[in-house]
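Welcome! Please take a moment with the sequence and the 3D view below, and then we can walk through two spots together.

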Amino acid sequence: LLVLRDDWLRACVLSALRQTVPCEVIVVISPRTRGANLSVLEELKEQHSNLLVLMQGPNQGFAGAINTGFRTASTERVGLLLSDDWLDRSAVEESLNFDTDIVSTGSIVYDSHGTRKIDDRPLTLDQYEKKPSLEEKASYLDHFFLFRKKKVLDVGGVDESIGLTGADDYDLIWTLLEHGATVSIVGRSLYNYRDHGDERLSLRKREDQVRDLEKILDKHGVGAHDRKAIVERHSIWYGEPIQAVLKSLSKI
């Protein structure tokens, strides 16, 4: 967590704390997290004994902060929730019905107020299994993710050398699949993505995000023949809110 509107942060953390099954909730903060955000977390800690707030390690970035959460978690399963977003109340419970290394639910995209639905991205196991490559399978799966902690730690956690774009989902999923991870899909979108024009990773400069993507493709040995198409497919979403990209695509 760096800097976020207080009401968005509160909604995010409460959505994890108020799951229909008991959950350990870990928030990893940065030395740069602003005071108002810290006050929100302190207030929530006083009200919820299952909330743990941790400082990320020295010289850790986004991926390292996630790894701190993974290593600290006392549970066998660990889910990822970005601080801009929020979960359906039954996201964890429904995901726990599946005994696989990766459980994915798909997401619903909302406007910045969290009230107007922009896009629904449900997933199906049938569509997943039809994807011809591990890259396309990794690209297809979407938050909410519930991971088997041991499997993630066995592959070294989130790769801290990648950068900010794709490390926590695309590359991590791809790496897990390369190591034989099993997959389930809930079949109902249980992750709520807040689309806005403030700071979030998807709004970084396109060239910076493409650079991170190139590192992922290098890591997985993707040759020049496939690389161009993959970069074009992913980078269409870089640097713009989802609603703006969807509007542009609708005109094509």
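## Getting oriented

Helices (H or I, at least four residues) and strands (E, at least two) are DSSP runs, numbered from the N terminus. This is a predicted model, in which local features need pLDDT of at least 70, side-chain atom pairs count only at pLDDT 80 or more, and totals for chains, interfaces and linings use all residues. Residues are numbered from 1 along each chain as its sequence is written, and side-chain values use heavy atoms, with hydrogens and water left out.

Look for Arg77 in strand E3, which covers residues 77–80. With a relative accessible area of 15%, Arg77 is buried (under 20% relative accessible area, with a 1.4 Å probe and protein chains only).

The side chain of Arg77 has a polar contact of 3.2 Å with the side chain of Asp99 (a pair of N or O atoms within 3.5 Å, one able to donate a hydrogen and the other to accept it). A polar atom of the Arg77 side chain also lies 2.9 Å from the backbone oxygen of Phe98.

## Where H9 meets H10

Now find helix H9 (residues 206–219) and helix H10 (residues 224–235), whose axes come within 11 Å and cross at roughly 135 degrees. Axes here are lines fitted to C-alpha atoms over the stretch in contact, and angles run from 0 to 180 degrees between N-to-C directions. H9 and H10 are therefore oblique to each other, because angles under 35 degrees count as roughly parallel, over 145 as roughly antiparallel, 65 to 115 as roughly perpendicular and the rest as oblique.

Contact (heavy atoms within 4.5 Å) involves Arg206, Val210, Leu213, Glu214, Leu217 and Asp218 on H9, and Arg227, Ile230, Val231, His234 and Ser235 on H10.

Key. Buried < 20%, exposed > 50% of the residue type's maximum accessible area, 1.4 Å probe, protein only.
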